[in-house]
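This report considers the helices and the charged side-chain pairs of one protein model. Please view the sequence and the structure together before reading on.

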Amino acid sequence: MPVTPEMGRELARQGWRWSSHTNPGSERNVLRPSDGDRAVLGAMEQVMERHVSISRIFNSRGDSILFTPNGDGLQGWKP
């Protein structure tokens with residue numbers, strides 16, 4: 001289900017938090033956050049570890065990565 005940054009802000013106002021989502025496929029490249037993923041996470045203004053918004057993407061095999069609004073949190077990749 002597509003979620004826009006505006007929808008993310010409204011969901012956050014209602015108390016929702018975005019902890020993770022899945023992308024279909026088993027390759028590692030499906031774990032890269034999209035511009036939209038980062039925009040929604042930033043719009044929801046989640047403050048977690050080290051005062052940075054963090055979420056997780058899972059692929060179909062259960063592999064996952066953490067990411068922030070600014071890129072992949074632990075892998076060092078940035079848009």
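**Backbone after helix α2**

Glu45, which comes just after α2, takes a positive phi of about 50°. Helices here are DSSP runs of H or I with at least four residues, numbered from the N terminus.

**Basis of the model**

This is a predicted model, in which local features need pLDDT of at least 70 and side-chain atom pairs count only at pLDDT 80 or more, while totals for chains, interfaces and linings use all residues. Residues are numbered from 1 along each chain as its sequence is written, and side-chain values use heavy atoms, with hydrogens and water left out.

The structure contains four salt bridges; the term requires a side-chain nitrogen of Lys or Arg within 4 Å of a carboxyl oxygen of Asp or Glu. One of them joins Glu6 and Arg9 (3.6 Å, N to O). Both residues lie in helix α1 (residues 5-13), three residues apart.

Glu10 forms a salt bridge with Arg13, with the closest N and O atoms 3.1 Å apart. This pair also lies in helix α1, three residues apart. An α-helix has 3.6 residues a turn, so residues three or four places apart point the same way.

In helix α2, Asp35 and Arg38 are three residues apart, and their side chains meet in a salt bridge (2.3 Å, N to O). Asp35 is exposed at 60% relative accessible area, whereas Arg38 is buried at 6%. Buried means under 20%, exposed over 50%, and partly exposed in between (1.4 Å probe, protein chains only). The buried residues of α2 (residues 35-43) also include Val40 and Leu41.

Conventions:
Helices (H or I, at least four residues) and strands (E, at least two) are DSSP runs, numbered from the N terminus.
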